Amino acid sequence: MRGRHRATDLRSNGFAALAAGMILPLVAIGAVYGGYRAMSTSGCAGTVRLTVAASPEIAPVIKDAAARWVKTEPRVDNECVAVDVTAVGSAEVAAAVAGEGGATVPGLGQADGKTQVPQVWIPDSSLWLQRLRTAREDLVPLVAPSLARSPIVLAVPEPTAKQLGWLENKVTWKQVLEQIVGDTRIIPGIVDPNRDSVGVSTLVAMASVRDQFGPEGDSLTVGAVKSLMTGKSEQQTGLIARFPRDSDPKTLSTAVTLAPLSEQALHAYNAAGPAVPLIAVYPDPAPIALDFPFAAMPRLSPNRASAAEQFRSVLTGVAFRNLLAQHQLRANDGTVGTGMTLSPSAPVGGQVTPVPDATVISKALQMWVEITQPSRMLAVVDVSAAMKAPVPTAGGLTKEQVAVQAAQGGLDLFPDSWAVGLWCFSTNMPGGHDYQSLVPIGPLTSQRDQLRAAIGGLKPNPKGGSGLYDTILAAYQNVQQGWDPGRGNSVVVVTGGRNNDASGLSLDNLVSSLQKAEKQDQPVQIIIIGVGSEVNQAEMQKVVDATGGAVFVAPDPSKIGEIFMKALALDDGR
């Protein structure tokens, strides 16, 4: 009775959605394509009904295959088989599966209350099955064969791809991240990885760069993730709507010019004849492709399990591959059927990037959370005489100028959801303190330009010493007073030397004062970035040990940009 009730709900929802499916684009993640019921009734002793929820990209293929199969009058113990196919976004089904099992998938959110748990689920990626197994092992089957494949590509408007030289050349992930971080022609976008397999696959690929190249990979990944966050969309339709509608330079300067998409979604976009087509760039190594696993859900009755296995067995072979090709999907081995045309640079067949274990997926998603969590940060920049020193490896720029460039670059990567303030410090400052508030902590949506101007105006005080310790305590107390439970709360200090204010706090006094001020339920993290070899890392480590945080020292000040990005990766207030 339980299965019959579900089937009825899915059918009614499917017929209601059929009209909507006529006007909604197939590429919309989560949009309902429509329900389909196929049933054999000739001389049956009864009916075995299968409810199938398929990702919208592959749902038309499954519907067509079901209709052809049912015409052969398949049976289980002399009962005819009925198949109801409904197109539902993978995130919606995953949330329903988790909710029914009393489990929670981090970042996914609650079920919508409308999506039913099917007997057979064909999500867009096995990544969903891995995430659900992490929540509870028995929510989905251990074995779910892949039915099709759609590689993940980087979608780039044709004019931008030509400018970057990406039309035919292989592009590594390191090159991609360098372009995202440092090239103003790149305006990246992504669908929220918590609810999108393409986003998860992209994060896993980016994390491999972080692991492979050490500090350089770390800074590139942090910068790229922050840039992607500024262009995040909740649904694929929202992301696609932001691609350029014409090739005018002004349009290209404001539209999304790079976003990960499935190969199928890119082909669907270009099939509509846009003024600016998208070029599919296949990065090396290939991200985890969409693979559309066939998941016969646990605890099916024997007859339903048998019907599901029979149905799965027909979703293969030349005829099925040609059906997939009609909807710009590859066969599960990466080959293509009749009618599907690939770009010259597109790989065909060959080695497939395997779906990683759950820990790799969780780590990639956690990286997204940690880097993109809204932060409340007070930046404190040294303007003492020590910052006048020239940096030979930076073309003769002073420490101050190098620090300002790094801070400006970091500011450009902060999303609008952040709240940021700015202080500078030196002895002999106006007001009798070792520090001066230039911009109070406030939302970037209203004061980004003010911060940019204030950072650009920082200049060393030729007669100023470093009142570092008094400044750190005052900055910590300032952030603590306005502590926000919904954000990471932190102080980021950029300093070019050691404390030399004889009338101020000693190191021991500072550490003791921070320990007394600390509140376990209201953490404030201190991050110290040292510019040059004059900074004593051991002393700074004692400071951050009192509150939590980290010390980063760039003996070569020209490398502060890399250090600055690594520090921001930790700026989550934990």
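I begin with valine 83, which is buried, its relative accessible area being 0%. Please keep in mind that we are looking at a predicted model. Valine 83 belongs to strand β4, which covers residues 79-87. Its C-alpha lies 9.2 Å from that of phenylalanine 311, although 228 residues separate valine 83 and phenylalanine 311 in sequence.

Phenylalanine 311 leads us to the aromatic rings. Together with Trp69 and Phe294, Phe311 forms a cluster linked by ring pairs. How many aromatic pairs are there by this rule? The count is four aromatic pairs. A ring also meets a charge: the charged end of lysine 174 is placed over the ring of phenylalanine 213, at 5.4 Å from the ring centre.

Which residues of α14 are buried? They are Ile361, Ala364, Leu365, Met367, Trp368, Ile371 and Thr372. These residues cover an arc of only 145 degrees around the axis, and therefore they lie on the same side of α14. Thr359 and Lys363, on the other side of α14, are exposed.

The next helix is α11, residues 263-271. Here Glu263, Gln264, Ala265, Leu266, His267 and Tyr269 are buried. What do the buried residues of α11 pack against? Their partners are the strands β7 (152-157), β11 (259-262), β12 (278-281) and β15 (330-331), together with helix α9 (236-240). After α11 comes glycine 273, with a positive phi near 70 degrees.

I turn now to backbone geometry elsewhere in the chain. Asparagine 78 is not a glycine, yet its phi is positive, at about 65 degrees. This residue sits in the loop between β3 (75-76) and β4, the strand that holds valine 83. Is asparagine 78 buried, exposed or partly exposed? With a relative accessibility of 43%, asparagine 78 counts as partly exposed, since the range for that class lies between 20% and 50%.

Glutamine 328 is another residue other than glycine with a positive phi, in this case near 60 degrees. Its place is the loop between α13 (317-326) and β15, a strand against which buried residues of α11 pack.

There is also a cis peptide bond, from aspartate 284 to proline 285, with omega near 0 degrees. Proline 285 lies in the loop between β13 (283-284) and β14 (295-296).

Two further residues in helices deserve a word. Glutamate 400 is in helix α15, residues 399-413. Is glutamate 400 buried or exposed? At 1% relative accessibility, glutamate 400 counts as buried. Its C-alpha is 7.9 Å from that of aspartate 382, which is 18 residues away along the chain. Neighbours within four places in sequence aside, glutamate 400 contacts Val381, Asp382, Val383 and Met387, and also Leu458, Lys459 and Pro460.

Asparagine 509, in helix α18 (residues 507-517), counts as partly exposed at 42% relative accessibility. Asparagine 509 and aspartate 470 are 39 residues apart in sequence, with 9.7 Å between their C-alpha atoms.

Finally, the chain as a whole. The protein chain has 20 helices and 21 strands. Of its 574 residues, 56% are buried. Among contacts in the protein chain with a separation of 6 or more, 77% join residues 24 or more positions apart. The accessible surface of the protein chain is about 23200 Å², and carbon and sulfur atoms account for 52% of that surface.

Thank you for your attention.

Definitions and conventions:
Residues are numbered from 1 along each chain as its sequence is written. This is a predicted model: local features need pLDDT of at least 70, side-chain atom pairs count only at pLDDT 80 or more; totals for chains, interfaces and linings use all residues. Side-chain values use heavy atoms; hydrogens and water are left out. Rings of Phe, Tyr and Trp (its six-membered ring) pair if their centres lie within 6.5 Å; planes under 30 degrees apart count as stacked, over 60 as edge-to-face and the rest as tilted. A charge sits over a ring if NZ of Lys or CZ of Arg is within 6 Å of the ring centre and within 35 degrees of the ring normal. Buried means under 20% relative accessible area, exposed over 50%, partly exposed in between (1.4 Å probe, protein chains only). Helices (H or I, at least four residues) and strands (E, at least two) are DSSP runs, numbered from the N terminus. The arc is that of the directions from the helix axis to the C-beta atoms. Contact means heavy atoms within 4.5 Å. Accessible areas come from the Shrake-Rupley method with a 1.4 Å probe; for residues, only the protein chains shown count as cover.
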